[in-house]
Amino acid sequence: MKRLTLCFCLLTLTLLSSGLAAQENIITFPQKRMRLITAFDLIEEQGGYAVAYNEELININRKVAPPKEKNIEDIFKSLLKGTGMEAQISDRMVLIVPVNRDAEDVLPWYHTHNMIEESVIVGYGSMNRKDISSAVEVFRPEEIRGGASQSVEMVMQGRMAGVNVRSSSGSVGSRSRVSIRGIGSLTAGNEPLYVVDGIPISNTTADAGGWDGEQLNALSDINPDDIESVQILKDAASAAIYGSRATNGVVLITTKKGLRGAPRVNLDAKCSLSYIPSLHKLKVADADLYLKVQNEAIDNYNRQTGESVAHIVNPYPERGYFSWTDLVLRTAVSWKASASVSGGTDKVRYYISANARNNQGVIIGSKAEKYGVRANVEANIKRWLSVGVNINANYNYTHHVPNGNMGTSMLTHSLEHRPWDRPYREDGTYTIKDVDLLHYNLLQALYEQEAFNRNYRAIGNAFVQINFIDGLSLRSSVGGDFIYSEDYVYYGSKHMYGNSVGKLTDARKAYTSIVTDNVLSYRKSWKCRLDLDAMIGHSLSTDASSTASQTGQGFPSDDFNVNSVAAEYIDVTSGRTSWSMQSFIFRTTLKYNGRYLLTVSARADGTSKFASKNRYGFFPSVSGGWIISQEPFWKDSRTEMKIRASVGSTGNQGGIGAYAWMPLANGGYNYLNESGIAFMTKGNKKLKWEKATQYNLGVDASFFEGRFTTTVELFRKDTRDLLYNKPISATSGFTNEICNIGAMRNDGIELTLGSNISSGEFRWQGGFNISFISNRLTALIADEVLTTGSYHALKVGEEVGSFYMIKMLGIYQSDDEVPAEQYAQGVRAGDVKYEDVNGDGDIDTVNDSQFVGSANPLFTGGLSSRFTWKGFDLSFLLSFSYGNKIYQTWTGGLRLGNGLWPSQESEALARWTGPGTSNSVPRAIYGMTWNSTKFISTRYLHDGSYLRCRSLSLGYTLPSYAVRRIGFNELKVYFSADNLFILSPYRYIDPEVTTSLNATKYGTDCMWLPEPRTFSFGIKARF
Amino acid sequence: MKRPLLILCIVMLSAGCGKYLEKYPHNGVPRENITMEDAELLVTGMYNIAQYKPTFNGWALFDLIGGDIIRTGATNVNTARLMVEGAIDPDKSIVTTPWNGYFAGLYQINSVLEIIESMPDSQRRKEMLGTCHFFRGLYYYNLVTRWRNVPIIKGPGGENQVQAEEASVWEFVAEEFRKSYLLSADFSSKNYVSKEAASALLARTYLAMGRKGDAAALAEGLIDGQLFSLADFSSIFRGKTNAEEIFTFANLIQESSVNLSSYYYTKDSGVGGAYNFMPTAEAMNMYSESDMRKEVSVAMQGSNPVLNKYCGGDAGRDPIYIVRLAEMYLISAECLGLEGGGLERLNELRRFRGLEDVNPSDEEAFLDAVLQERRLELFGEGFRWYDLVRTGKYTSTVGVDAKYTVLPIPARELSLNGNLHQHLLWQAKNAI
């Protein structure tokens, strides 16, 4: 059987309605009866068509008479007469299918047998994957079933080479960091651009700014079940079409569309249980051990100083062990249900869906409820006119529990209570920080607050497409992303933040983004085997947001909880910002002889974020490809190979404010209720685009008729004029200045392997990807070290995200080893020995800090497999990361006598108690900060490499004869486990959490909630 | 039929030009649009900046490391020495946030000064200039007492500043207060800068500079004047009208983030409090029973000792007291000395506060008595550390190394500005 590859585009309207543009084709057939396959070959050769068929449904060796017709549709009608089959033709693609069968029934067969290759959405259009000469990754969530993925970036996790996804924490609805091909920028604008059905959407926080804890993930509004495909534009040649926002890559999300056929209904329901694994790693020392360490610390101090600090005694010796962690954590129960109906006729196709999700968090009270509906409708009104709308509306309710860096953050602070501390006094009232407790009472924090976010979001677009003449069409679309968000944070009078009188912050945010696109495209094939696909376009976009927030305090009782009854308003703010962009877009693709590819694209963007002189940026790209396996000399028809190379330019304006360039006199600096203004915004009139030039070299190959595939990519990305909020000497009046300060380089290699092997009823689809990315700064203001935050620094030649701190060498085993300078400060045997870089005997951060590793991995990747046999399917996904360091910023349980902090049991047991007892954990010493809080040091820096089992899923599809009897076409049950295990040298639970998503401050763990382990049971049905 | 669509398309393509990319903020105006007509707004803004930029760490520092305050809670250490050693380091926020705040404030003051200087002469212009010089003096007083040799910056901006000698910084501070004294309006409200406020701070500056005669004369002028008189702590520190405060930042809740009370008060206060710092046992016991200042200065909330001068709790804000008349009594006493008749001023104040007279035998004992009185009178108002430092008693009183008599320049500044040099006391002794 001859294997064909043809493009099947789900997005382009014209596809499945056969023969939209009647074309005259001159195909010369020999004047004698021939085999059907011979006729197909002639059509492919002469007409430039690709024909796909299922040999099981049609006898390709049957003899047919040469068609006399000129029209391609009629040619196929003639060829297929009497076979019960018909041709679905679009552009140069022909699908031979049984008459009147639903496309949706037919397609999967072609997919699974590699008979058709999907088209790739490339921004303002689509291309046959074969014709792509840039680096684009495609992933279809449908290929994995089940799983706990809450949002689109979690779907991508571990699946694609060069795409690294890490969540900030395991809190419900928390944000994650997606980096495509390393670090794109120094600013917070390091996230890719997300485009849903052509509309760039906001991926910043979903909340309105009233909540101090972790921000909410704005991407969770997209229901993963609605996603048809996720495509990542990795290199500049593919991404340059999105110009000034594309430096960090572009994630194109295409939602499902209806196909011709009777209505089909998909139902999906799932129930999950989640909990935090490996909590024993965080065990707090019991009362005996705590007192032993604490009093040993005091003894050491007294012996050394001659003072006589008294021992600590247990005020409640009768109390047993008590875990605050167990008190606030739970096994969370979540469920999700979604339904969709899709179908269509030649004229109208629709996909409508609704979903409800209820996610419980593992902390008591934590919860997110999500409801969403979607309608994607497209209609071919005339032969030359088609229209469509995609509308997605969502409502999210998130019930907050203290998290993130809040003083009441649950997991962190559950480790900071002494073994005898309890949440309630004997009279039933709360125990209180500093009166009964060392830290906040977590139950008081949980029960005396009411904090939630309500988020309303609509994403939609409408388009009209006009086909003027054959191949020339105009597509005009308008799209919008609308967010309305409401934060409500009420601290009752008994809450620690309630100021004893009750305090309410009520905040609102409205965000509107409107994009208008007009794209004119032209396709033409010449007989000289030249194919042209060109487009020019124009785009206007405006983002506007407004915020309003009031904080009132003083409520008659906790039953009153709106600000209209507050005794006073301590903060009332409102804000407005907007920015806009105008773009001109151009792209053309030329294909010669089916094997030489050339794509040229360019985009010019103008943005309001810069002063008028620096407003416009130009982002060109060019890429070429050579399909070697199409060459006559290529003899092995079972192997295909393509080589491609590209170079292009992209820009970045993310992470900077809408008016960042403008030096301002700001209002609101009032005194005694009179208005005042102050020069608070430094601005920078020279501010301009951050630009990147990317080079990409790739090879795609498939072996044994597509059973094995491999892609190797090499890339280099040079970013210059980095936008950065540069630290400047405070004597200037400002501590930072936004500017374009330097350059960096990312080099990388990506390898992707795939397999798709069937044998009888057994099938194996495997995937493996690995990417090595190295980053380094190639220029900065000067060669000096520029510290960013407390733990990291930037320096030319070093990686962005490098840790910069004092290096711990070990523990002084005897007093003799201690240099005099340090001895004078009280350092003795058992204390930490730091590296004295400048050799002055003393340790200080200015002179003794050094680069000690990076938060970025040397390589990352994933390994997945899916096995199907009869009705069973088993799949798993492993992801791994190697060489990334993580800094433990939470030092509470590691202070060993510096303050009254309870100890981590592991640390207390491992402490130095005499020569030779430890070379990593210091002695207990009262009141001295040397070992724990005086320096940022490698004592808390750990190897964060890991291998994680992201998901393991087992499903069973009931036999169709059985389910048809009860009215279903398909019924599948599955069981899945997410985050089943993690292998890591990291001593705490999750090396992936990070308190900062900023590339320059990345890889810090402050005992935020780790990712939970989740077990799910689900059922999928179709009828 | 198709032609109109093409035209529409062209119209849409060209629609984007023009003003589409011009966007301006709503909470500010471009700096170049500011003129002398905005002077009043700028001066009001300067008050706002001046009161909050030093942050709690700035206003409270001299108490936090003065030996009478220690940390509470999990980071508790029970000696002032450990408190100081743990708190002062070139990276610690107690050092860095005030440094950043003072220079941010100075930038504002210098910018405003530049604009006002360009105005035509008028009485109001003079007064506004007086306000600018007052704040610049106040900020430099705070800088020089902490870091000694700091850069003197007289205009907006400046990154690679060079440090000036300590003596010239002191001269600059005195000069600023003298200018302010000559230009400022007469006293009308404690919340605004006045001639009298400038003269009080000039007295404080002269005391630090050792110009005792000048200091005493200025202090006496204020004591003898009709405007101010001593008042009870229960009115000064509980928001009641009194004639003792000479200059106090209003520090209204909507206008400032400096919340002194929260750091000292506990949750048992009834108004909330984060309770980060508490008086030492010694400080709790330093007031005698008859001392009328005692109740307002220190108290017990539940089982916790607290500094009681700021009573707003989490829910409120307290004024930031910059200078009041009692300090003038103490400056005068100290400068006149035992021989010069200073004892009478000291005892006058003591009598007013409900205490017996003291009768020190010699100048040294007299200085100790004045310092003890300053400790009692000004506890929690930002004096103690520098009082001990300027009289050379800090290391012996608190028991710390000599380097703690000056703050280290923040590490960040040293790395960003090669012209700055760390204070010798903060350099390792055997540095290469």
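In strand E31 of chain A, Ala692(A) is the bridge partner of Thr650(A). Strand E31 (residues 690-703) of chain A pairs with E28(A) in the antiparallel sense over 13 bridges; two strands are taken to pair if DSSP finds at least two bridges between them. Helices (H or I, at least four residues) and strands (E, at least two) are DSSP runs, numbered from the N terminus. The model is predicted: local features need pLDDT of at least 70, side-chain atom pairs count only at pLDDT 80 or more, and totals for chains, interfaces and linings use all residues. Residues are numbered from 1 along each chain as its sequence is written, while chains are lettered from A and ligands numbered from 1 in the order in which they are written.

The predictor assigns the complex an ipTM of 0.93 and a pTM of 0.87. For chain B the average pLDDT, the predictor's confidence in each residue from 0 to 100, is 92, and 95% of the residues score at least 70. Where pLDDT is low, the predicted coordinates should not be read in detail.

E28(A) also pairs with strand E27 (residues 616-627) of chain A, in the antiparallel sense and over 7 bridges. Within this pairing, Ala645(A) in E28(A) stands opposite Gly624(A). Strand E28 (residues 640-652) of chain A is mostly covered, with 10 of its 13 residues buried. A residue is counted as buried if 20 or more other C-beta atoms lie within 10 Å of its own, as exposed if 12 or fewer do, and as partly exposed in between, with C-beta atoms placed from the backbone.

Elsewhere in chain A, 5 strands form an open sheet of mixed pairing, in the order E9-E14-E15-E12-E13. Strand E9 (136-139) and strand E13 (199-201) of chain A stand at the edges; each has a single partner strand, so one side of each is left without a neighbour in the sheet. The twist from one strand to the next averages 25°, where axes are lines fitted to C-alpha atoms, for helices over the stretch in contact, and angles run from 0 to 180 degrees between N-to-C directions. Strand E12 (residues 193-196) of chain A runs antiparallel to E13(A) and is joined to it by 3 bridges. Ile201(A) in E13(A) is the bridge partner of Tyr194(A).

Two loop residues of chain A have a positive phi without being glycine. Most residues other than glycine have a negative phi. Phi of Asp434(A) is near 70°, and this residue lies in the loop between helix H8 (410-414) and helix H9 (442-447) of chain A. Asp434(A) is buried, with 24 other C-beta atoms within 10 Å. Leu672(A) has a phi of about 50° and is placed in the loop between E29 and E30 of chain A. Leu672(A) counts as partly exposed, with 16 C-beta neighbours inside 10 Å.

The contact between the chains takes 79 residues from chain A and 84 residues from chain B, two residues being in contact if their C-beta atoms, placed from the backbone, lie within 7 Å. Elements that each supply at least two residues of the side of chain A that touches chain B include strand E24 (530-553), strand E25 (568-592) and helix H11 (845-848) of chain A. The largest share of that side, 9 residues, comes from E25(A).

Chain B contains 19 helices and 7 strands. Its C-alpha atoms fill a box of roughly 110 × 55 × 55 Å, taken along the principal axes. Of the 432 residues of chain B, 53% count as buried. Among contacts in chain B between residues at least 6 apart in sequence, 67% join residues at least 24 apart.

Strand E5 (residues 298-301) and strand E6 (residues 304-307) of chain B run antiparallel and are joined by 4 bridges. Gln301(B) stands opposite Asn304(B) in E6(B). The two strands form a hairpin with 2 residues between them, and Gly302(B) in the turn has a positive phi of about 60°.

The buried residues of H16(B) are Phe366(B), Ala369(B), Val370(B), Glu373(B), Arg374(B), Leu376(B) and Glu377(B). They cover an arc of only 165° around the axis, which puts them on the same side of H16(B); the arc is that of the directions from the helix axis to the C-beta atoms. Helix H14 (325-336), helix H15 (342-352) and helix H17 (384-390) of chain B are among what covers these residues.
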